[in-house]
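Trainee: Could you take me through one part of this structure slowly, the place where the two chains meet? I would like to hear what builds it up, piece by piece.

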Amino acid sequence: MSGLPPYASFTQKTWHYAFRVICGVVFFFLIAPIIVIIPLSFNAEDFFTFTPEMLALDRDGYSLKHYNDFFTNPDWQQAMWNSIRIAPMATLLSVSFGTLAAIGLSQPHVPFRRAIMAILISPMIVPLIISAAGMYFFYSRIGLQGSYWGVVLAHAALGIPFVIITVTATLVGFDRSLTRAAASLGANPVTTFAKVQMPLILPGVISGGLFAFITSFDEVVVVLFVGSAGQKTLPWQMFTGLREQISPTILAVATILVTVSVVLLATIEILRRRSERLRGMSPG
Amino acid sequence: MTAIDSPVLTADGTPLKASLRRALRREKARAFLLVAPLLLFVLLTFIAPIADMLFRSVENGIVHDTIPRTVQALRNWDPEESGPPGDDVFEAFYTDMVFAVERKSHTRLGSRLNYERTGLASLFRKSGRRVGKFDTKDYADAFKTLDPAWEDAATWDVLAGSEAASLPRTASAHATWLEAVQADGSDPLEGEPWDVLYAALYADLMQAPAGGFENPLLNGAQSAAAGFEPVSLREQFAAIDEDWLDPQVWRTIRTYAGRYTPGYFLNSVDLKLTADGVQYRDEGDRIYILLFGRTLYMSLVITISCILLGYPVAFLLANLPLRTANILMILVLLPFWTSLLVRTSSWKVLLQQQGVINDILVALRIVDDASRLILINNQTGTIIAMTHILLPFMILPLYSVMKTIPPSYVRAAKSLGATDWTAFWRVYFPNSVPGIGAGSVLVFILAIGYYITPELVGGTRGVFISNRIAYHISSSLNWGLAAALGTILLFAVLILYWTYDRIVGIDNVKLGG
């Protein structure tokens, strides 16, 4: 694929470049919708398209007014603070329970391993609308519907599969003789966990936590049903904005969220490389 | 040779086998204890809600709980009869309705039955307003003139206790009346008996053999009651609405009297349960088969578009040097990581009639300004946006399968004289089929359960079954039907997932890595 041999025929050459063009178009399709909203969010007008001033790169065509609206509008601010209050708590719950369980699951003898794994992974498989419907019915029975803790518990449940998957994957490469060595030197199980095991699996735990955080931070279906107006999160506010009166502030919010996800993606990638290097699994 | 026969002992004298078994048991218990908190957590916060939804899809206690006496009386009525049921059913229904109106549960019952037969909601609401003003007041007045003791709640209390066997209707109505009055917070002995009690007493007295009571008050009342002007409850109900004489109404109530019903599931596939068995719904009401069909069809189109767009990209990534591939991979992973709402909003902005795509097409003179393309609020919009959103889920499994195909296979094929196309089609492609399978199942599972994107860019013709579920939960409040639709969707997904597990294996789920 890389480079053409000098004896390539005309058809081969044409196909080689045509193929690259096709792939380029698909990459463009993947990335353009995300990129295009960034300049649009600096639009000085309340339009969703490029104005002639913007195309002429005129300074007057651009402004920060939509960002200004986001940071001053009480609806958006409330939604942002709700997201900031809900996501870390849900992440904390799924990471602490999930890491413990992942350590348990990676032991050599676990009764009903497959069944337990299936139950723990199920929140990721069941379509969100079904989880949302079930949680709405059940949480209203027990009085959690429309409460902060209802949303936090629901989001924690949705984040758990990601923590389980990433942490168990990290534990596959964990050398069990290290914990035995620590124990033989007189460390109790708690010390062994804190000083030996935890530092080694930390990258996995953190990236699992980031997955769980993103799941909660981006989640809109479950919070629409389980939450009430008091738990209106950022995605929920965007959803209402898109359905009712679409305002360009959404593009400013979207740009901010893209920046956040780029930062998170970079963090996860760095952690993954570090963890692979530590385990000597990565070629480069 | 005794050394072999005697068991090997550990330092403290126990047999080695027993000691090892104990150690294994302890290890299992410890592993399980580590998993237990999370297992409990997921069971409570996630599995219990799903189980609740499955339960709600068949649960139907409302009819039985709201009008128990009517349900009982209707058991003896033959639904094949051409006329309405007999007086006993109307008597029972009157008693039930009075108490249901007091609890305000008759409107809920009306809306429940309205799903099965349109018009019942308003019928119940209307009857609820009038049922307290029936002519049964005449009975009350007549009994009270006969003996002032009938005005005293204590008389009823005594009779309902001692004569419960000979006055079954009175005793049961009195018990419910006591509950209703106590729920109100007032003292039952101070209260004034309601008309419904007198009606029940009258019916009981007319049924009992003459002079068969030990209590002289009752014997006196019985002989006097024979001279009362009878009030036909059937006519009282008919006066509210002629529909109460329609046997179809009573057949519906009788059909849905059970505590559990398959009715919601039948509704989800455009059928309905009637007294004559399962039938198709009216032509105009059949929407669910169409909606399930559309959900499957559009998910299939989205899956196929993802294969067509994803295959070349995965092929390119798998065959480029690792460093270049990793950089290009970012272009796949960035959309994967970007908020769903961000991607949906950008499509909403791009696809609008005054949006960027139409502007470009007009500027390039491909499309006339007057005939801008309608790309949003229809199926096209849903398919474009969802293909974009789900494409990374196709590329990633395809890429990981293609990475494992040794390049020497294609080289061997070419050295044996195969053309580029034959080498690809006969050698490379068959090896990549597992990746296509895995990616397709994943994309398809995700697509059939999607809610947000179709809701925002789908309009009315581009929505999925999940949008209908959401509609029934939050707008029409038909939770049973929402639960039944959800259950069908859940089982479809579980079957697909089971297939996925067969192809790829549950442990091979990778997250953007």
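Mentor: Happy to! Buried area is the accessible area, taken with a 1.4 Å probe, that two parts lose on being put together, summed over both. Between chain B and chain A about 8,100 Å² is buried in this predicted model, and carbon and sulfur atoms give 82% of that area. Before going on, a note on the model: it is predicted, with local features needing pLDDT of at least 70 and side-chain atom pairs counting only at pLDDT 80 or more, while totals for chains, interfaces and linings use all residues. Residues are numbered from 1 along each chain as its sequence is written, chains are lettered from A and ligands numbered from 1 in the order in which they are written, and side-chain values use heavy atoms, with hydrogens and water left out.

Counting contact as heavy atoms within 4.5 Å, chain B brings 90 residues to the meeting and chain A brings 87.

Now for the charged pairs. A salt bridge here is a side-chain nitrogen of Lys or Arg within 4 Å of a carboxyl oxygen of Asp or Glu. Two of them join chain B and chain A. In one, B:Glu455 pairs with A:Arg243, with 2.8 Å between the closest N and O atoms.

Rings of Phe, Tyr and Trp (its six-membered ring) pair if their centres lie within 6.5 Å; planes under 30 degrees apart count as stacked, over 60 as edge-to-face and the rest as tilted. Over all chains, the whole structure holds 49 aromatic pairs. For A:Tyr136 and B:Trp479, the ring centres are 5.1 Å apart and the planes stand at 70 degrees, so this pair is edge-to-face. It crosses between chains, with A:Tyr136 in helix α6 (residues 128-141) of chain A and B:Trp479 in helix α25 (residues 479-503) of chain B.

Notes:
Helices (H or I, at least four residues) and strands (E, at least two) are DSSP runs, numbered from the N terminus.
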